[in-house]
Amino acid sequence: MVLQSSFKNCLQLSCILRTPKAGFRDAANGGLIIQSLSNDVYHNLAVEDWIHDHMNLENRQVLFLWRNSPAVVIGRHQNPWQECNLKLMRQKNIKLARRRSGGGTVYHDLGNINLTFFTTRKKYERMENLKLVVKALKALRPQLNIHVTDRYDILLDRQYKISGTAAKLGRTTAYHHCTLLCNADKFVLSDVLKSPYKGLKSNATPSVPASVKNLFEEDPSLTCEMLLDAIAEEYAMQHQIDHHITLINPTDETVLPGINNKSKELQTWEWIYGKTPKFSVSTCFNMVYKDSVLDVKVDMDVKHGRIETCNIDLPEQWLPPALCSELVKSLSGSKFCPTETTALSSTLLRMCPQDDELHSKWNLLCENMTMLM
C-alpha cells in the first residue's frame, strides 16, 4: 500500500479539517484513515481529543494510527506512583502521560502500534474493532494463533497479551484505542511498569498484570509498517473506502485549530499528577547515621497530587522538634514531588543554625523523604 503524503493530499485534508464547525462535520460520508507524523505521546493523545471534540461522526468513521517514542501512559483514573517506576522513568527520560480514557497502564515505544477507532456512540463496538485487527493479522500471517478475549485483549498462543484496550464514550461520539506489540523493548516495559513505592493505599483503578510477547518474537520478518498497512487495508475493505493512509502533522494549527493548547494541557503537572485520585502513604524507612540505625515512620494523605496531611515520627531529640515541625508544615499543601520537596528542604536548611551535624541529619532525612516520591 502506498502512503499518500503529497502536498495535494495534505491540502485536501487541510480543507476537510480547517475549521471544526465547517470541516469534519460537513465532510463527505465514508471513512478516513490517518496516521500521525509525530512520535510525541502528548501530540498524539491531543489528536484523539480533537477528533472526539470536533468531528461529526454521524455518517463516517475514522481510524487513527500512531506510534510514540518511549512513554508510559496511564488511564484517566489511575495513580502513577502505584502503576509505574517514576524514578527509573526520570533516569531514562521516559515520558509519563495521562490519557482521557479509562483502562490500565501501558508502555509505548516505536515497537508498539496504537490504533484509535472513532465512531458515534451508537455504533461503538470494540469487539468488532479487535476482530478486524485479528483478521488483518491472520491475512498477513495465517499461522498466527491469536484471538480476542472477553476482556477485550488480544492473546497470542492463548497466554501472551499483544494488545490491550481502553475507550472513551462521549455523549454522541466515542473512541476505542488499543495497542499492538510488534517489537517493543520488553525489558524496559517490565521495569517501568513495576512500582517500587511502598505503603500506598488508593482507590485508583489498578492495572491487571499480564505476560506479554512481541509479534516479532513469533515471526522476525514482521515490522510495524507491515502491521499498520495490513490493518489499514482491512479497515478500508470493511468500510468500503479508498485504500490509502493520509499523513498528518498533529501540531499544525491550520489543520487542527486549537490542537497545541490540548497538547500543552496534557503535559501539565495538574493533569498528569493532579488528577490522581486521593491516596495515602504509610511507610517506614531506616536511616543510617554514624554508628546508629534509626527507624522513621511517615504518614501522608495526598489529594489532587498535593500533600494534604503529613506526620513524620522521628526518634526523640534526633532533630530539634521545631525544625521537624517546620518541615511537616512546609510539606502540607506542597506537590507530592521530589523536585518540590528538595527545594523546600533546601530553603529550610538555610534557616537552620550553622551546625554541621544538624545539617548532615537534615540532608539525610530530606533525601529519604524525596525517595518516597
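At what angle do helix H11 (residues 321-331) and H13 pack, and how far apart are their axes? Hi everyone, let's work that out together. This is a predicted model, where local features need pLDDT of at least 70, side-chain atom pairs count only at pLDDT 80 or more, and totals for chains, interfaces and linings use all residues. Residues are numbered from 1 along each chain as its sequence is written, and side-chain values use heavy atoms, leaving out hydrogens and water.

Helices here are DSSP runs (H or I, at least four residues), numbered from the N terminus. Axes are lines fitted to C-alpha atoms, for helices over the stretch in contact, and angles run from 0 to 180 degrees between N-to-C directions.

So, the answer: H11 and H13 pack at about 30°, with axes 12 Å apart. They are therefore roughly parallel to each other, a term for angles under 35 degrees. In contact (heavy atoms within 4.5 Å) are Leu-323, Leu-327 and Leu-331 of H11 with Leu-358, Trp-362, Leu-365 and Met-369 of H13.

Now look at H12 (residues 338-349) beside H13 (residues 356-371): their axes come within 9 Å and cross at roughly 165°. That makes H12 roughly antiparallel to H13, the word for angles over 145 degrees. Pro-338, Thr-341, Thr-342, Ser-345, Leu-348 and Leu-349 of H12 meet His-359, Trp-362, Asn-363, Cys-366 and Thr-370 of H13.

Last stop, H8 (residues 224-239): its 16 residues reach 22 Å from first C-alpha to last, close to the 22 Å expected at 1.5 Å a residue, counting one less than the number of residues. After H8 comes Gln-240, with a positive phi near 55°.

Key: Helices (H or I, at least four residues) and strands (E, at least two) are DSSP runs, numbered from the N terminus. Angles under 35 degrees count as roughly parallel, over 145 as roughly antiparallel, 65 to 115 as roughly perpendicular and the rest as oblique.
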